[in-house]
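These are my notebook entries on one structure. I set down what I looked up, chain by chain, and then how the parts meet.

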Amino acid sequence: MTLTIENLQEIAKTETDAVESYRYRINVCMAAGCLSCRSDVVKASLEEEIRRQGKEKACLVRGVGCLGLCAVGPLIDISPLNVTYQAVQPSDAPEIIGSLTGAPVSRLLLPADQPFFSRQKKIVLENCGIIEPERIESYIAAGGYEALYQALRQMSPRQVIDEVTASGLRGRGGAGFPTGLKWTTVYKARQAVKYVVCNADEGDPGAFMDRSVLESDPHRVIEGMAIAGYAVGASRGYIYVRAEYPLAVERLRRAIKQAKRLGVLGENIFNTPFAFDIQLRLGAGAFVCGEETALIASIEGRLGRPRPRPPFPAEFGLWGCPTLINNVETLANIAPIVRRGGGWFAGIGTEKSKGTKVFALAGKINNTGLIEVPMGTTLREIVFDIGGGIPAGRRFKAVQTGGPSGGCVPEQFLDMPVDYDSLREVGAIMGSGGMIVMDDGACMVDVAKFFMEFCMSESCGKCAPCRVGTTQLFGILERITAGDGSIEDIDTLKELCDLVGATSLCGLGQTAPNPVKSTLRYFENEYTAHVRRHHCEAGVCAMGKAREATT
Amino acid sequence: MSPPTTKTRIATIWLDGCSGCHMSLLDIDARLAAVAGSIDLVFSPLVDTRTYPQNVDVCFIEGAASSGEDVEKLHLIRRNTRQVVAFGDCAVTGNVPGMRNRFALREVLTRSYLENATHQPRIPDRDIPHLFERVRPVHAFIDVEMFLPGCPPAADAIFEVLSALLEGRPPDLAGRARFG
Amino acid sequence: MTPTAPIAQKPRTDVNPVRIYTLRIDGRDVSGREDETILTVARQNGIFIPTLCHLDGLAERGACRLCIVEIQGSPKLFAACVTLVKQDMDVITDSARIRDYRRKILELIFSERNHVCAVCVVNGNCELQDLAVKLGMTHVRYDYLNPPQSVDASHPRFSLDHNRCVLCLRCIRVCKDIEGASTWDISGRGIHARIISDLNQPWGESETCTGCGKCVQVCPTGALSEKGKSVAEMTKRPQFLPYLQMMRKEAEI
C-alpha cells in the first residue's frame with residue numbers, strides 16, 4: 001500500500017477529532033528535564049485521578065515534549081483552558097482535576113503572559129509540548145509529512161534546494177555554513193550513492209537543544225532528512241545520536257518504525273520513485289565525534305577520529321560517497337521552510353542570520369530551559385526578559401555561548417543582537433546554542449580552565465598541537481588558579497592559544513583555545529590578579545580561599 | 001701584560017650533571033691554548049675560586065637544577081653575568097637527572113638509599129641541599145642567552161661558541177650540535 | 001626511484017590522476033598530477049618540508065602538523081602531506097610564521113613524553129632528534145609533562161618504549177596496510193592515547209604479530225627497537241617500503 005495525501009489527511013482528521021472529543025486535554029511534559037523530576041508519576045496520578053473522579057470521557061492526559069521552562073518542572077499544560085502549572089507533584093492531581101471546571105489552582109499557576117513565553121518565536125519547537133512525540137498520528141495532525149508530500153509530488157529536487165537557499169538557513173551545529181550551499185554541493189556530486197546524515201551528537205556542556213527536539217518531535221527530524229534525501233539524491237540516511245540520550249534514542253527508534261510502517265520512509269514514498277531509509281547509529285560519548293569526518297569514521301565502524309579536510313564530506317564522505325551532514329536543528333527547520341516557503345523564513349531574523357535559534361539557557365539564570373527566538377534578539381532580552389535575570393540578586397557577568405568552542409560575552413555587549421556575525425565579532429560563536437550564564441561569583445580563569453579541561457579530555461589525540469597543546473594550556477591554567485602562576489604564564493597562554501588554534505587538524509583543536517582567548521580579551525585583569533597578587537576576586541580558586549581564611 | 005679588563009671573564013659551573021660537559025670542554029685541547037690569552041677563567045670547578053665573582057661576561061652552566069641550592073646559584077649567576085649559556089643537555093632539557101621526574105622523589109630516594117643500600121641504609125637528610133620533586137632545565141628558572149645541546153656537546157661546538165663569544169658574533173652550530 | 005602517490009585508505013574517487021596542474025611552490029613554477037599532494041610535488045622538486053608522521057609508502061594521516069604550509073589567499077594553514085595540488089596554487093613552505101609554528105609544535109612533541117636522547121637506542125639515528133636540528137629547536141620552553149610511561153619488552157626480538165613514542169602511528173599503518181597483521185592499534189584518547197598490541201596484551205603474547213619487524217623499521221624514534229642494541233646502536237631502515245609498494249603494484253598489473 002502506498003500512502004496518499006488523502007490517507008495523510010484522514011489520519012490527521014481522525015487524530016484531531018479524537019483529541020478534540022475530550023473537553024480537557026492535559027499535556028504533561030515527558031522530556032528528559034521534567035521526567036527527571038518524575039513527570040511520569042505525575043502523569044500516572046493524573047490519569048488515576050481522572051478515573052477516580054469518573055472523568056475519563058472528558059479528560060485526556062497526553063505525554064508531550066518539552067514545554068521549555070525546565071527550571072520549574074514538572075510542567076503540565078491544560079487546553080483549552082490555556083493554563084500551565086509548574087512544579088506539579090503527584091499529590092496535586094486531585095486538586096488539578098477537581099479545579100478543571102472552576103478556578104485554576106493558583107499556587108501552581110505559571111503566569112501565561114510572562115516574557116518567557118510571550119517573547120519567543122517557535123518554528124523548530126512549534127510542536128514541542130503540543131504533540132505526542134511517541135505517536136506519528138499526533139505529528140501528522142500538526143501538519144507533519146505534508147512538506148515531504150509537497151516536496152516529492154510538487155517540487156523538483158532543484159526547487160527544494162532553491163527554497164532552502166532562499167530561506168538563508170545556516171547550519172545550526174555551530175559553524176553556520178549556508179545550508180543551501182551544502183545541499184547544492186551534494187546535489188551536484190555525480191556519484192550514484194549518496195547519504196544524508198543527521199548529526200545528533202550534541203556534546204557541549206550545558207547544551208540540550210537537540211536532545212529536546214529529538215525527544216519532543218522526532219518525526220520533524222525524520223521528515224527533514226527525507227526531504228534532504230530527495231533534494232540531494234540520497235536514499236539512505238543515518239542519525240548519529242549519542243548514547244547518553246536514551247530517551248531520544250528510544251523515541252527516534254519508535255518514530256522510524258512508525259514512519260516505515262506508514263510508508264513515509266521506505267520505497268515509493270507517496271507513490272513516487274523516491275525511496276528513503278534511516279538507520280540509527282549510537283555514539284559512545286566522544287565529543288570529537290560531533291566533528292563531521294570523525295562522525296563519518298564512527299558510522300563506518302572505525303575509530304572516531306577526524307581526518308583533514310578537504311576532501312569535504314559533501315564530496316567524499318561516508319564510505320567515500322558524497323554525504324550531506326546536517327545538525328538536528330537545521331533539519332528541523334526544513335519542513336516548515338518547504339511548507340511555507342524560503343521567503344517566509346528569510347523574513348525572520350537579521351540580514352545575514354535568518355530564522356530563529358533555539359538556545360538552552362543554563363547556569364546562573366532564573367529560567368533555566370529551552371527557548372527559541374528570532375535571530376537578532378538581544379542578549380539582554382534573552383537573559384533578562386526571557387531568562388528572568390540572575391538569581392539571588394547577583395550581578396550578570398558574562399554569558400558563554402558556543403560551549404568549549406565558543407567564548408564569553410561580557411556585560412558591555414548585552415544589547416548586541418545575537419546572530420552569527422555579531423557573536424563572531426566579539427570573539428564568541430553561535431555554536432549549537434548552549435548559553436551558560438555567569439554571575440559575579442564566577443572566576444573567569446576558572447571558567448577558562450573548566451573548558452580547557454573539557455577540550456583536553458575530549459581531544460582525540462591524533463594531532464600533536466591539540467593533544468599536547470590543550471594539556472599544556474590546562475597545566476598553565478591549573479597553575480594560575482592554584483596561585484602559582486607567573487606573568488610569563490599569561491604570555492605562554494596567548495602563544496599556545498595562537499598555535500593550537502592555527503595548526504590543529506580539526507575544529508575541536510582549532511576552537512579549543514577560544515574560551516581562554518575570550519576570557520583573556522575581556523578579563524585579563526583577573527588573570528593578572530591571580531598571578532601578581534595571588535588573588536581570585538570571585539573567591540573561586542583555592543588560593544583565593546586560602547587567602548581569605550588568613551585575612 | 002694587558003690589564004685584566006680587556007680579557008673576557010668566563011665562568012663555568014657544574015650543577016646536577018656528570019661533569020661530562022666539562023670534560024668535553026677540555027677536549028678542545030690545543031685550541032684552548034690559542035684562546036687562553038683572551039679569557040680569564042674567573043670561576044669554575046677547574047679553578048679554585050670559592051665565591052662567584054661579579055661582572056662575569058659569560059657563564060657556561062652544566063647540569064640541571066634539582067635543588068634549592070642549584071636555584072640559588074642560578075640566581076646568583078644571573079645577577080652577575082652578562083651572558084648565560086645552558087651548557088649541555090642536562091642544562092637544556094633536564095636530560096638524565098630529569099629521568100627521575102616520572103617517579104615521586106620519595107620513591108627515588110627509597111630506591112637509592114634504602115632498597116639498594118648494602119651498608120647502613122638511611123636517606124640522607126642533614127647538611128645536604130633539599131632535592132626538588134622535579135628536576136628542571138636552567139631556563140625554567142633564569143633567562144638564558146644561548147643553548148648548547150649535546151650529551152656532551154662536541155668539543156667543536158663548544159669551541160665555536162667560545163670563539164663566537166670572543167669575536168662578538170652569533171655562533172654557527174649547524175651540523176655541530178644536537179640533543180643527545 | 002620516485003615514490004608513487006601514497007595509498008589512501010579509500011581511493012579518492014573525486015580526483016582525476018591524469019590531470020596535470022601547474023602551480024607555484026616558494027615562487028618556483030612546478031607541476032603535479034591532480035592526485036599528488038603538495039608534499040610529493042615539493043619533494044620531487046627538491047623543496048624541503050619537514051615531516052614526522054608521513055612516510056613514503058604509508059597512508060597519510062596529516063596528524064603531526066609539521067608539514068603545514070601557507071597557500072596564498074587563505075588565512076588557514078594546510079598540511080602538505082594531505083593537501084592535493086590545484087591549478088595556480090601558490091604555496092609557501094617556509095615563512096617566518098610557519099617556521100615559528102613548526103618549532104613550537106616540535107617543542108610540544110618533545111615535552112609530551114620522556115625523550116632522553118642521551119640514553120636512547122636510536123641516539124644519532126632519530127627523526128625526532130634530526131628535526132630539532134633542522135627546525136632550529138634548541139630548547140623546549142614548555143613544561144615537560146614527564147608522564148609515567150612503561151616499556152614492553154615481552155617480545156623475544158623487539159621492545160616497545162612508550163617513553164619515546166610520538167604517536168605518529170606509522171607502526172599501526174604499516175602493520176595493517178603492508179603486513180596485513182593489524183597487531184598494533186591505539187587505545188585511549190588525547191594525552192592518554194597510546195599504542196597497544198592486539199587487545200592491549202603484552203606484545204610477546206600477541207597472536208597476530210608475525211614478527212616481521214616492519215613496525216620497528218618505520219618507527220621514527222626509539223619507541224620501537226630491536227633487542228640487544230644499546231644506546232645509539234640502532235639504525236632504522238624504512239627504505240624498503242616504497243620498493244615493496246612498487247613491486248606489489250607491478251604484480252597487480
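Entry 1: chain B. I read the elements of chain B from the N terminus on and noted the order β-α-α-β-β-β-α-β-α-α-β-β-α. I counted six helices and seven strands in chain B; helices (H or I, at least four residues) and strands (E, at least two) are DSSP runs, numbered from the N terminus. I looked up the radius of gyration of chain B and found 18 Å, close to the 16 Å that the globule rule gives for 180 residues, so chain B is as compact as a globular protein of that length. The radius is taken over C-alpha atoms, and the globule rule is 2.2 Å times the number of residues to the power 0.38. Along the principal axes, the C-alpha atoms of chain B fill a box of roughly 55 × 35 × 30 Å.

I must record at once that this is a predicted model, in which local features need pLDDT of at least 70, side-chain atom pairs count only at pLDDT 80 or more, and totals for chains, interfaces and linings use all residues. Residues are numbered from 1 along each chain as its sequence is written, while chains are lettered from A and ligands numbered from 1 in the order in which they are written.

Next I looked up burial in chain B and noted that 40% of its 180 residues are buried. A residue is buried if 20 or more other C-beta atoms lie within 10 Å of its own, exposed if 12 or fewer, and partly exposed in between, with C-beta atoms placed from the backbone. For contacts, two residues must have their C-beta atoms, placed from the backbone, within 7 Å. In chain B, residues 24 or more positions apart account for 80% of the contacts with a separation of 6 or more.

Entry 2: one residue of chain B. I found B:Ser67 in strand β4 (residues 65-67) of chain B. Is B:Ser67 buried, exposed or partly exposed? I noted that B:Ser67 is partly exposed, because 16 other C-beta atoms lie within 10 Å. Leaving out residues up to four places away in sequence, B:Ser67 touches B:Pro129, B:His130, B:Leu131 and B:Phe132. I also looked up B:Arg136, which is 69 residues from B:Ser67 along the chain, and their C-alpha atoms are separated by 9.5 Å.

Entry 3: chain C. I counted six helices and 10 strands in chain C. The radius of gyration of chain C is 19 Å, close to the 18 Å of the globule rule for 253 residues, so chain C is as compact as a globular protein of that length. Its C-alpha trace spans about 55 × 50 × 30 Å along the principal axes. I noted that 45% of the 253 residues of chain C count as buried.

I then followed an open sheet of three strands in chain C, with the order β6-β7-β10 and antiparallel pairing; two strands pair if DSSP finds at least two bridges between them. Which strands stand at the edges? They are β6 (151-152) and β10 (224-226) of chain C, each with a single partner strand, so one side of each is left without a neighbour in the sheet. Two bridges join β6(C) to β7 (residues 158-161) of chain C, and C:Asp152 has C:Leu160 in β7(C) as its bridge partner.

Entry 4: a helix of chain A. I looked up helix α10 (residues 209-216) of chain A and found eight of its eight residues buried, so α10 is largely enclosed by the rest of the structure. Among the buried residues of α10(A) are A:Met209, A:Arg211 and A:Glu215.

Entry 5: how the chains meet. I noted that 27 residues of chain C are in contact with 27 residues of chain A. The largest share of the side of chain C that touches chain A, seven residues, comes from α2(C). By class, this side has 15 nonpolar, four polar and eight charged residues. Here Ala, Val, Leu, Ile, Met, Phe, Trp, Tyr, Cys and Pro count as nonpolar, Asp, Glu, Lys and Arg as charged, and the others, Gly among them, as polar.

Chain A and chain B do not touch, and their nearest C-alpha atoms are 11 Å apart.
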